[in-house]
Structures are given as C-alpha cells and as structure tokens.
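The following note concerns how the copies of the chain are arranged and how they meet. Please read it alongside the sequence and the model.

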There are 4 protein chains.
Amino acid sequence: MIFKRLYDDGLAQASYLIGCAQAGEAVVVDPLRDVDQYLAAAEAEQVRITAVTETHIHADFLSGSRELAARTGARLHLSAEGGPDWQYAFAAADGARLLQDGDEIVVGHVRLRAMHTPGHTPEHLSFLVTDGAVATDPMGIVSGDFVFVGDVGRPDLLEKAARVEGSAEAGARVLWRSLERFRALPDHLQVWPGHGAGSACGKGLSAMPQSTVGYEKLYNWGVGAGSEAEFVRGVLADQPEPPAYFAEMKRRNRAGPPVLGALPRPARLAPAELAARLEAGAVVVDIRPQAVAAAGRLPGTLSIPLNKSFVTWAGSLLPYDTPFYLVTGDGPGGESAARAARELAMIGLDHVAGWVGEEALEWWAAAGRELAEIPHLHPRDLARQPGAVVLDVRGSAEWRAGHLPGVPNIPLAELQARAAEVPAGRPLVLQCQGGGRSHIAASLLQIRGVEVANLAGGFGAWEREGLAVER
Amino acid sequence: MIFKRLYDDGLAQASYLIGCAQAGEAVVVDPLRDVDQYLAAAEAEQVRITAVTETHIHADFLSGSRELAARTGARLHLSAEGGPDWQYAFAAADGARLLQDGDEIVVGHVRLRAMHTPGHTPEHLSFLVTDGAVATDPMGIVSGDFVFVGDVGRPDLLEKAARVEGSAEAGARVLWRSLERFRALPDHLQVWPGHGAGSACGKGLSAMPQSTVGYEKLYNWGVGAGSEAEFVRGVLADQPEPPAYFAEMKRRNRAGPPVLGALPRPARLAPAELAARLEAGAVVVDIRPQAVAAAGRLPGTLSIPLNKSFVTWAGSLLPYDTPFYLVTGDGPGGESAARAARELAMIGLDHVAGWVGEEALEWWAAAGRELAEIPHLHPRDLARQPGAVVLDVRGSAEWRAGHLPGVPNIPLAELQARAAEVPAGRPLVLQCQGGGRSHIAASLLQIRGVEVANLAGGFGAWEREGLAVER
Amino acid sequence: MIFKRLYDDGLAQASYLIGCAQAGEAVVVDPLRDVDQYLAAAEAEQVRITAVTETHIHADFLSGSRELAARTGARLHLSAEGGPDWQYAFAAADGARLLQDGDEIVVGHVRLRAMHTPGHTPEHLSFLVTDGAVATDPMGIVSGDFVFVGDVGRPDLLEKAARVEGSAEAGARVLWRSLERFRALPDHLQVWPGHGAGSACGKGLSAMPQSTVGYEKLYNWGVGAGSEAEFVRGVLADQPEPPAYFAEMKRRNRAGPPVLGALPRPARLAPAELAARLEAGAVVVDIRPQAVAAAGRLPGTLSIPLNKSFVTWAGSLLPYDTPFYLVTGDGPGGESAARAARELAMIGLDHVAGWVGEEALEWWAAAGRELAEIPHLHPRDLARQPGAVVLDVRGSAEWRAGHLPGVPNIPLAELQARAAEVPAGRPLVLQCQGGGRSHIAASLLQIRGVEVANLAGGFGAWEREGLAVER
Amino acid sequence: MIFKRLYDDGLAQASYLIGCAQAGEAVVVDPLRDVDQYLAAAEAEQVRITAVTETHIHADFLSGSRELAARTGARLHLSAEGGPDWQYAFAAADGARLLQDGDEIVVGHVRLRAMHTPGHTPEHLSFLVTDGAVATDPMGIVSGDFVFVGDVGRPDLLEKAARVEGSAEAGARVLWRSLERFRALPDHLQVWPGHGAGSACGKGLSAMPQSTVGYEKLYNWGVGAGSEAEFVRGVLADQPEPPAYFAEMKRRNRAGPPVLGALPRPARLAPAELAARLEAGAVVVDIRPQAVAAAGRLPGTLSIPLNKSFVTWAGSLLPYDTPFYLVTGDGPGGESAARAARELAMIGLDHVAGWVGEEALEWWAAAGRELAEIPHLHPRDLARQPGAVVLDVRGSAEWRAGHLPGVPNIPLAELQARAAEVPAGRPLVLQCQGGGRSHIAASLLQIRGVEVANLAGGFGAWEREGLAVER
C-alpha cells in the first residue's frame, strides 16, 4: 500500500495520497488548492489519481478537490451525510459519487470505508483504510477533524464562525457519540488526522503527525473523557477565537471553489510604483522575517512575517475584495513572493497585485526618507514605567489564564474591528505570548498613527523574569 | 550614460534601456510584454524608469509598453506621425505624450531626439541618442525596424500581412527617402536596430547586435543602393512569407494590448488527463528538442521544439482562440513549460492550459501503447528512390533559388491552410533547408494520418552530397 | 513533541528529527550526507539540533552523522554495543557519547531510550521515544533496520556483502531473540523503521511509512513467526543479491565518512568535449527517462534513468575510483545533474566530473552520426521466434520463482563481472520483471558491442500474455 | 557573424564570444572562471567553442581561459609579446598557440587579427575583427584594457600593485605610441573594450558598453590628447588606489589558475554553529542590502552588501588564506550565498566555508541578545557638532578634489592596514561619497570596538546641503 502524508505548515493541514502499487491507482483525501504536490507525488509513486475525496466541508482553507479532479480526470467522492443543509452544491454538476456511512472507495487492493463521524461538522466522514493485499482488517483511520493527536475537533465553529445559535453544545454531544465508535476500534490502528499543532480547528493539537487508537485512549483528554457531561464542558471551554475568514471558507467550499488552473503569481513592481500605490491607500504587507521588518520597513506597511502563522493572520487582516501588495527580501526570482501568493491562494486570497524586494527600501532610503521601526521594550524596563499603556493582543482564553496586572485584552484577530477601543494619544506597548502577534499588531496600529513599541519576549518573558501576574 | 540592450532570442528582438546615472532615470525603447527584465535591469543600474517609448507599431510581437508603464508609473511616449490610420488608439486614455519629428525625450543628461523614418511603417520613429554629460552630438541611433545590420526594414508587410493593396511599393519609395537622411549622419554613429538574424521583419539581417553608420554605408545593400529604382526592386524581391499572426499583432498593438500583471504560467496535468484531452481533440504541442521528439512522442501531438524559432512557428500554427497544451522534458518545476508560456505570451498566445513532463510518455508506454516516431531518410537513400513523394516546406524564395528536381513547395506557414494540396495515400518525405521546419511539418501531417519521413539535413545536405538541383 | 520523518526515495531510507518545542532542541536519527534537509527542518520547527545518532553502521549509504554534527555543533551519540569489531573508529576523536542498552538521549521533555536489538548487525540500537510533556510511557519505537513494515532486517548481509563466513545463521538467531523483546511491547506503539519498499536491507518491505507493534504482530511474517527454526529458515531464504557497494559502505561508515561541506556539483561540458572524453574511454551515464533514452542516446553511454532505482544501479555499476559523466535532459540550470550528483554522493560516488544536456544529442545528430537505440520486442513476437537468445537479468530468487522456458539468469548487479558468460555473436533479448533492469543491462551490453533488444514489459507482460512459464 | 558580449556587473568586465554561424565555430576572448555562461551562449548560438584567447594577463580577476579550454576542448591562444617577464608560464604545458602582432585567429569566415597594443601591460593584444562572409575590412576592435569608452587603460598598475619601480611613466609613453596606431583606424570601427564603469583598471570609464573609433577620437580625453607630455601627465594623475588583490591576481594569471570544475558552493550552517565559529574568531560577512544590514546584524560581522561593488571590497578586505562565512537573506535555496560564492571565485576567494539566512538573526534575537546597528547621522546634524570625529574613507584623489573641513582620509582599501591611525576612544562618524563605502568601514571598525555612525548620503549629501568644503 502506498501512503503519503502531505503536510502544509502554514495551514497545519495534512492531506493523504493512498494507493495501490500493483493497480497503479490512488485516492487523495483532503487536497489543498495547490494540487501540483499531488501530481508530483503520484508521479513519484507511479500511480494515477483516480479518486478524490474529503472528510468534510472545511472551514480553514479552500478545498482543492475540484482543482485536483480537473487536473487528473479523477472522480470526486463526497459526503452525503449531515442532512440537507450540508450537501455539496456542486456534487451533481461534477458527477461526484455521494458517500454514506459504510460505503467504500476502492483503489486496486486498497479500500477506504467511510465512517460517519459527525460533531466537528454534521457531514464529517472518517475513512478506515485496509490494505487488501496483505490484510483483511484496517491498518488505520483517516480521521480528518474528528480526532487529532491529543485533541478532538472543536464542535463550536459553526456557532462562532457561522453564527448558528446553539449548535456548539448540540455538536459536542454528537461528537461524544462519534467518539464512542472510535473507542471501539482496535488499539493498534493508526490515526491519521487532518491537522497538527497550530490549527484553529482545535485547541491542544500535538505536533506529532499521527498516533494510534490505543495511545489516544490513554493520553487524549477527549477520547479518554470520563463522561459525556465532562466531555461537553471540556470541549466547549477555552476554544480560541476562530479566524475571521472561516465562515467565508465554509460557504465557498459548499458552493464549490472555482478551478484556478495554475496558482496565481504576483507581478513585480518598480519601487516608485509601489510607493505611489501605497501613498494612494493600497494595502501593502511586508512579509520579511520579524527581526528584519522590526528594524525598518516602509511606513504604512503591515508586517506579517512569512512563517507558519502567515496564513492565519493574513486571512484575518487582509481584504478579500481589493488587491494588495507585498514587500519581500527577494531578488529577481521573487521566491518568497511566490510562496506567499501560494499560501494566500490556499484560503482564497488570490488578489496579490504586485511585489517589490528590498530595493524598494534602498530606494526609499536613498530619497532621504525614514523607514518605520518598531522598537523593543524589555519587561524589566516596562516594569519600571508603571504608567505605560499596555495592550494584550493574545486570545481571550490565554488572557484569562494569566496576564500583566491591569492590562486589557483585544485579540489580534479583532483588532481592526475594535480599533476604536485602543487608547489614543499615548504611546502604546503591544504584548502577546512570545512577541510575534504583538509585532503584527504594532505594525497595524503604527499605520493608524499610534506610537508603538513591542514588549520583547511577550508574556513568556514577563513570567520568566518572575514579575507579578494577574489571573 | 547607461545603455543596456535586452535581446530576446525567440523574437530576435532588441529593446533598450537608456538612462542617466546621475539623475537616476531611464527610458525603455520597444519593451516586450515580459517587463520583469526591465525592472531587474533598472534595479541593477539603480535607475527609475520614467519614460517608455516605441519606434513603431510592431507586427511581430505584442508591445509591452503599457505593461511596463503600469508596473513603473512611467509615462508613455508614442509616435504622432504617419497620418490618421496610424495613431495609437489608447494614447489619450493612457495620458501618453505624442512625439513628432524633432521632439526629445529627456532623462537626466541624456536626450533621445525623435527622427521620423517611415517606410517599414508610416509612423516609424528612430531616436538619436546624445549623452549630454560628455558630448554635444549624438553617440548613436536607435533605428527600430528602419535600418538593421546588413539590411533594411521590409516595406511590404502592410500589403502582405494586413492586405493593404499597393502599399508595398509606395512604402519602398518612402523608405528610400528615409535612408537619405540616414546616409547624412556621421560615420562614427552607432546603429542600434530592433532586430537581429532570424526576424521576419527583413530578409538578410546579420547576427551582429549593432553596427555603425559608416560600416552600413559600406556593407548594407540597402543603405548603399545606387539608385531608388535599384533599391525598390531589391527591397521588394524575395521577402519571406510573413508569419500568419503579424496582422493580428498590428491590430492589437494599435488598439492597446491588455495589461497582464504577471505572465501566465500553465498548470501541470496528470498524464491520463492530458491523454483524455488529446483524445478529445485538443491541440497538444511537444516542445522538447527535435532529436528527442523525433525518436518518440505522443501520437497526435505537434512537435515545435523550444528553440530560437519556437515563437515563429507557434504563432503560425497554434490557435489564437482555443486553449492548447504542452509536452515537455520538465520535472516538477516546469521550467521549460514556463519558458514556452513566456515566449507565447510575447505574441499574445496566452491560452496554454496545461503541461506534462516525460512521465506522460512513460505512462503511455507502460500502458503498452506505441509512441509516434518521425523516421529520417538520408539524401542518398532518397536519390535511390526516384518515385518517392517529396514536399519542400521552405519559403517560396528559397525554393525558387534552388530545389530538388521536381519537388513542389508549400511553405510551412501555409501548410495548414493548403493541406488539401498535399499528395494523399502515399508515403511522404518532408524537406526544408536543414531539417528543422520539415520536422515540424512532418509532425503536423502525421496527425492528419499521413505516413511521413524527414529528409535528414534537408536541402543543405542534398547539396553537400553533390546531388542534382533544379532552379 | 516534534516528529519529522525525512524520507529519501532513492535510498528508500527514513531519517527522523525528533524534538521538544518548549526546549527548542532536537535529535536527528540516521541522517544522510545531504544534511541541508535537517537544517531546513530544524529551522522550520524552530529547534536547534543538539544531538545526532544512528541505529547502526549502515551498509546501503554513507552516514551523514559527522556531516550534520559539523554543520550544527551537535554531539554524536553512537552505539557501544556489538563487541570490539563493531566499534566506531572515530567516536573518540569526535567526542561522541557511547550508548549502551538502556541509555537515554534527552532533548527537552523528550527521551529516546536505547534498546539493543542485534541481528541485522551486532551493534544495532532501536530507540523507544517518550514525550515526557504529556506521557510517561513511550509513543513508539525508531526501529532502524530491525523491524520494517511487513518484514525484518536481513541478517545475511554480513556474510554476503562483507564475506564473514557463517554469520548469516548466527545473526538470524540473534535477531529472533531481539524480536522476542519487540513482541513484548504494547500493541499501540508506533513503529518507525529505517527503510521502505525498494530497500535491499530486506526482501518484502511495505511501502507504508510506518506501522504499529500490534499490526506487525498480526501481519509481519517475521514478527509473527511460529518458531525460531521457522523464522531462521524464512529469513535466510530468497534474500536478494546485495548491491556490490554495500561492503564498501560498511567499511567507510565504521572508519568515519569524510565531511563534505556542501554536496558536490558537477560542471557542464561542451558537447564536443564530452564526446572526446567518451571516445577516450570515459564512463558516461545517460540519466534521462527510460522511454527517452531507449529511443536514442549517445553510443557508448550507459543508461541508468534517474528514478527510484537510480542509486541502487549506479552503486552497482559505476566506478568508485575514476571520474564519470552524465547525459541529462537539462537546460542551463542542470537540475537533474545536480539531483543525480546528490544521490550519488549519498553512497560516496563523489566523482561526477561533468554533464551535458540534450544539446549533445543535437550536436551529435547534426554531425550526421547515429544515436544508439534499444529496440523493444513484444512477448508474442518473441514467442514466435523460438531460437532467440534471451537473458534474464532479475535476481536469482525471482528467477527461481518462475522464468521463461530455458532462459538463463545473470542478475544485473553481477552482469559486469560475469560478462564472459553472455552468449556471443548472436542478437540478445534482455528481460527482467517489468523492463527497467533489462533496459539498463541492454545499454551495458550494447557498449560491449552486443546487438540487443529489450523484452517489452518483461516477465510481467509474458505472464499477462498467458505464455508458458518454467519454475 | 555571431557576436555576444557577456558582461559581469561585479567586475565591470566584458568577455566576448565571436563566431561564424556557417562553420559552427567560435572563439571566446577574456573569459571569466564562471565558464558556464560561455557554454550556454555557445549552445544558444549553436556553435562550438574551438578557440580561447585573452587580451592580456589580467590583474582584476582570475582568468577563466584554462577552465574554458578544459570544458570545451578548445585551444588556447596567448600573447607571446611583452618580453620574457610577461610570458604565460603554462602555455607550453597546455599546448597553447602563441600570438604575435599580426597573427590571426580564424573561426570559419571570421578572423581576429592580433594587434600588439602595450601600455596597460607589456604583452597586451587587441583584436581587429573581420566578418569575412560579408566584408574585407574589420568591423571593430576588441580593445581589452587598452582603450575604454571615455578612457584608456591605466599604465601605473604595475608600479602600484606589483611594485615595479618607475614602470608607470614608461608604460604611459608606450601607451601613447599604441594610441597612435588606434587613431589611424577608420572612424566607423566599433570599439569593444574589456571594462565598463566601476572598474579599477581606469579612472573615468563610461557605463556605455561600446563605442566607435570616431566617437572616441572626439570625446575620449586620452585618445584625443594633444601631445605625449599632456597625455603622460593626465594618465598618471589621480588614478584610484588599486585593490589589494591585484598583485596576487597578476601572479596567478601568469602562473596559470587551477581548473575548478564546477564553481564552489558554500554549505549552510545551523545558526548556533555559525555563532560558535564567529565567537571563535572566524571572519563572517553579512551580504544583505545596506539598509537592511545597517538596521541590525550579528555583532562581529563585516557588512559588504552583495551589489556591484561586492567583489572590489571583498577582494580588499577578506582573507585569501583562511575560510570565512556569509550571512544572507536566503531561504533554503541559498541563492544569494551561491551568487556571492560565484563572485568571490572570480577573484580566487574560494574558501567560503558556510552560510546562514536570517533565521540566524531570529535565533540570536530569540536568545535575548542585541543586534548591532549602524546609526545614520544627517549632514546638518553633523554640522551642528563641530567637535565630532569624522573620517573620510574615499580614495585619496577624491579627497584631494574636495572634502569636509579638517577631516582626514584613510581609503577603505587601506583601513585594515592603517587601523592604528584611527582616532581611538571617541565616537567616530564614517563618511565617503554616497554612504556605501563608509557603511562597510563602519562595520569593520565596529568589530574592533569603535563606536561608529555613518554620515547619511556622504560627501554628496554634504555638498547638496550647501555646507562648507575644503580643497
């Protein structure tokens, strides 16, 4: 059996290519829109992708299922479970096969048996995978957003992101029943989840790529919960704010994402032209590393470093309806611009209208103009300035678990909408857990004219210095 | 003075970046649509592109002037000469400055004086370039399609490509008067033409990138022609067939080519999907080297190797209104697919809908299916088969200058339109000068079911073997 | 816990980066010489590599442990088990820590406990991995070449590759005792082996990247063997011929592979220069895909396509002491040449002295010279020619399991040494299982002047055609 | 005639590929060690490089002639002029043909006639190039370091760089006689020099790639000088300090540079390992753009931005005998590290032992350590601090032409050797013409513990502000 996990760091998302070498066929589960990776994997394994499926209607990225089917000629297999509100609108038009609990996708000797595991979403399927060439029983379960390593899929997204009132608790109870089926599986089964650490589809996901049923029974708080009541309480507590774009993704994934062809690639702009558009009010994002951007960036640009959290914050802070621009550290090849555009396309932010490299900063400086810096303030120095205005931009659950004395909280994802709450007219010190989110927040407020600094090391450093904490 | 020639091998075309280091400004003359190269050149020279101009309304590629202006904020400078039929339709909308004979484009200390030099086209400008920092007189002339190294711009395109009856001879006489102005320039002036060897905008262009007025007076047949009558006769004789797409280019360049943003990049397809589309009748082009493609390619694919002549034959043989596909020798990066797409975009063939690598051939062969070969036949073997049906696909002027006894001529550019003239029901040997065009023709006729072979080495080898020639 | 599997397709080899996010530290197990991948992985996970270890002295690739330690400053941890003949000669000089059964490597909260599991080799260690942040018991076992998915590490390499008489059976019995310890582990433990399908370190490895103790107990023939006698018989039967370079690897890995710095990159040669060296007797390898190379390659070149089997056959057929050359399908970037050089460096074939692209074939053909083809013969056509001389180049175990009537066997790995046994003076049809190895063999014998053809589809196609088989 | 100028921005150096399309042959004049570019050019033009020559023994880069001959099989053609001290030591061993005034290199229809033009060096040859296919007289002259656009080759290098006493004036007189031959050439001849603006082989080179004999007679001060006395005075006045490595290059180029094979590529290091080596005293160079490096770099690193001046300053400031390291803005591909290593190899600095990307700065900052900044001071602010200690690091000729009142001069190229002259114990403001060289100098002195600032815009800005200047 051919089994390839394709993991996207930016989305903390796993898709799977599962196939049969003898038959030269494979199925892909939960593909992203960047489908070149599946074509390359299939070529490397010398299989043909004949089937494409997904565990559920995703909220955190645009599905690549239609894209992949278009590029390979493979058939779509989509969930028919979950009731009338959760049916794929494009299934009939695309000639998709509809799957119900117990149905099987067959590729050569390999079989994926659909198991309806609602809770995270009503239509959610998991797949029990059997390598018929050597075994009669399954080897593992592709669990999507049902069971993660160390956590379970959150049932509250529908209520929080899509505003379906009361659905969170109902979902939690449904999830509990799905978990009962999971616990009945053999201990030695492998568990192949849809997300790893950093995903907003849960709250305590491990960085481990996979696990086993037996291990999760021992160490996954949700799988091992003692009672339904305890579980429901636990699974609804302290979930992070879902990124702003989740509702939009869900809507698009049900309606059917458009087929792109190749991923978009932004065009390079001359420094002067970028400056002209920036001055005309365009949104410009500096994607260079934080330490570099903090030291000097074009005034008026938002700083969202192209690291693992890039997609999360880009999805929350960038406009879905107007073009925007990138400042990079690239030479003529535009490598990081292309990478950023790829990641943005994963969540449907296809309107990157241009990029520049650091020649734009050189040009700006050569014209005698200043770059914008985000100065660092060390915890000890802050402690000596009791009057300083500090703002905590972590999630509200983090804030509740402990914060600097007297410091208010506006989560970064909400900062644009709640800008009016930001104390005006005084220097502001931004703070998060480690200094990453507060850096982004500082660049955002600096654009609005606020004098900002970033608390070096964030709440983590504050604690390590042994300073007073309020809970 | 900064002076950079940017030469495109596929189009045999030169554009120029000319600037002033002290002022940090530059103008670009005759840009292609792939404007990244000018941005990179400007960055390397630390100048800002403030002006964009072109010598005339091009027939052999889509102008990149609007694209470059959009990416840099530079102002367009366009010819106002040539009468009402030859005015740029988008000039006013784009806020372009209109140029008349004697007008100057100024970038810092550098001046480009427009010189109206009609003949190739009515609105054609050349530019006398003076480096005001060190000299009072010009250093050279950007001559566009007016004077090439060893040849002059052909005045018959309008009649042949755009079907303006009688315009060829009138243009030739106008060109003669323009050449009188050229001959009056000092011998030491450099001549920077718009094309090199291989361009269809003339018939005898040298591969030399540039020349001087004095040298051209000595060795350019047109500049040195003894009389108007002799010149007109010479310039209208034996011009090659203009590629089929020239008329389309001219129309688009006057109307205003759309601004692309980044160049299109084709998407990779799975082998099975490519095969499915090929079988459904899609146009598929194999761009691998000739020797490789001749040895085995997917049946039904056209072979146009990605070499210097790629754009010429692609423009003549590929559809402007429907998507088509590429077979390449690429790995996952798709380097040659991207290069081909770039070259095709230069002439507005933006509809490359997908590509595959050689895994498609592996896959085809693994399924037990045959690849299509184009066998070679050596001149001596052909000579021994007096009954063989041979077709000469060179230009008609080449054919007239000498050909195999009794062998008819259909130029490759006309082969699709004149397919009915191709002898049917018998094996066919294709032949050109060196074996390149006849290879393309062989792949084209093979698609139509003709049994073909390619005469190895073409007419050149035939002559070298000392075989009989008919004139 | 951070856990990253880095898999090399050419070697079918897995190395692991295992770390602790909180502490920002990680250990790498069984690194290859191409250590950039571990640096990139560590950067992506924001950990520092502080420890490097390996499960055993490898026979199938040059260890990258010293290379990685040199690039990161990490400490080496090496097995002290296995007796005096199996000690790392460079351990003291490198300041390595020596590991015995029960010793632990600690990176932050994560612990790797060494478990002495001899059999494949005497000093072999496996590592039980515990994520101390969430659990007190292990999550899985890094099993190296001890237990694979579906198979166990072969104990006969020492005897066959290193010529240690009688060691195979002794090793098999030691391995049985190691397996007893394995069977005592909990079913839910993950198993992370050192190899996947295609490795010559076993005979029936699955393509699955990993498994669990419970699943292997059910479906791994070796883990589930009923008795020591049955196991010993089974594990020694039908093992494939070890590649010729295994003994050399083992010797180098014990002595200490030299630290490379960056991987070697071959230089591009002009076609004429490559041809001159080829004519002077240099070894030249065509690495293009099989279908392409079969259709036409430079006469005198060996064809070893750059696919998953490349390293195996390159290691068996290329010289370790003299420079050799590559023919590729590359453009100026030399991508596949660099990839091939990287793969060759993994097994210490560092002497790639130059490469050419397909311009060399064009140049060759333009000079009027023929390319060498390897024609295909279909099984049915062969069957109709009972007098044809056929040679089976599969492994001897494959041959014994069934072959064409009357057809002798020389495994490809032994073909150079046993060339004298090849029937002379008559056309030869080469045959293997699917047509890949026989293609390489055909190119090899063609160099020696034998007239060859390749049986299309090999023994597999023969069987599918329903033709007679001899066992 | 095929004619391709290959220009290297870092060295401001031009080499030429000149060939005959009909014969398919070409000669390369003055190749660099990065010979891939000539192979690619030859492939693009479909010619074979059959001859390699050079105009003289270069002082500013390592010759690539032997490298190119080794990769192509071409024959070397080397000057036999200049007397016994100026003979190529490896000529006989390499089977080179020796050239005297009037000798010709023939490639197909194209002829290069050697013209002995001493002055810059005693053995210097120029080449008159005739396209025999269309002309009987030359089209132009490859002038090496004899005549540039706007200047002539300096005759004082031998005295200044190689310490040959009294040779400067003698060379100037010899050069005058060579110029007399140049002035006798026809006005319309093209002039193809060996260097452009920025080269230290002259003092006033134009950025123009080429010129004509007639234009140079009008506007080149040296070609047009009125008398030998005037010329000798002029050519010896105000020549810039030759870079420290010139003497070394000359010695190596006469002895014969070693053949590299492929260019060296540095290995990536983990941040911690780079830091360890830096702390152990290794030389580490930050090659990121100036604005970025000024804002924050690893303490102890030299900042030499990878721009057009990189090679000049690297050659002057980096050690030839010990390994050194690079800090880049690169991702995993290491593009700029490879580019820097390529440029360094051009002058024989082959010992780049490793590189890191900006993850090293992130890692440094994450460990709570400060980055080193180079603050900017604006001219007006400096003017208000009359007591500030300023140091001018421009060339001495620049300093003599005008400088800040009372400010002493140590050229950057001499700063390491004359470090003892730098005022100690007080903050220092570094200054050059535009702020580039003083930035490098600031990083150099900061390593030695000096508190530094960089005068923004340098002497240029000072003048533009209308502040007092001393001459």
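1. Copies are superposed by least squares on the C-alpha atoms of residues with pLDDT of at least 70 in both.

2. Basis of the values. The model is predicted: local features need pLDDT of at least 70 and side-chain atom pairs count only at pLDDT 80 or more, whereas totals for chains, interfaces and linings use all residues. Residues are numbered from 1 along each chain as its sequence is written, chains are lettered from A and ligands numbered from 1 in the order in which they are written, and side-chain values use heavy atoms, with hydrogens and water left out.

3. Relation of chains A and B. Chain A superposes on chain B by a rotation of 180° with 0.0 Å of shift along its axis, at an RMSD of 0.0 Å. The two copies are thus related as by a two-fold rotation axis. Because 100% of the interface residues of chain A are also interface residues in chain B, these copies meet through the same surface.

4. Extent of the A–C interface. Contact (heavy atoms within 4.5 Å) joins 31 residues of chain A to 31 residues of chain C. The two chains bury about 2,400 Å² between them, 60% of it on carbon and sulfur atoms; this is the accessible area (1.4 Å probe) lost on being put together, summed over both parts. On the side of chain A, the most area is lost to chain C by H188(A), M208(A) and Y215(A), together 27% of what that side buries.

5. One of the salt bridges pairs E45(A) with K308(C), whose closest N and O atoms are 3.0 Å apart.

6. Contributing elements. α5(A) gives the most to the side of chain A that touches chain C, namely four residues; helices (H or I, at least four residues) and strands (E, at least two) are DSSP runs, numbered from the N terminus.

Conventions: Salt bridge = Lys/Arg side-chain N within 4 Å of Asp/Glu carboxyl O.
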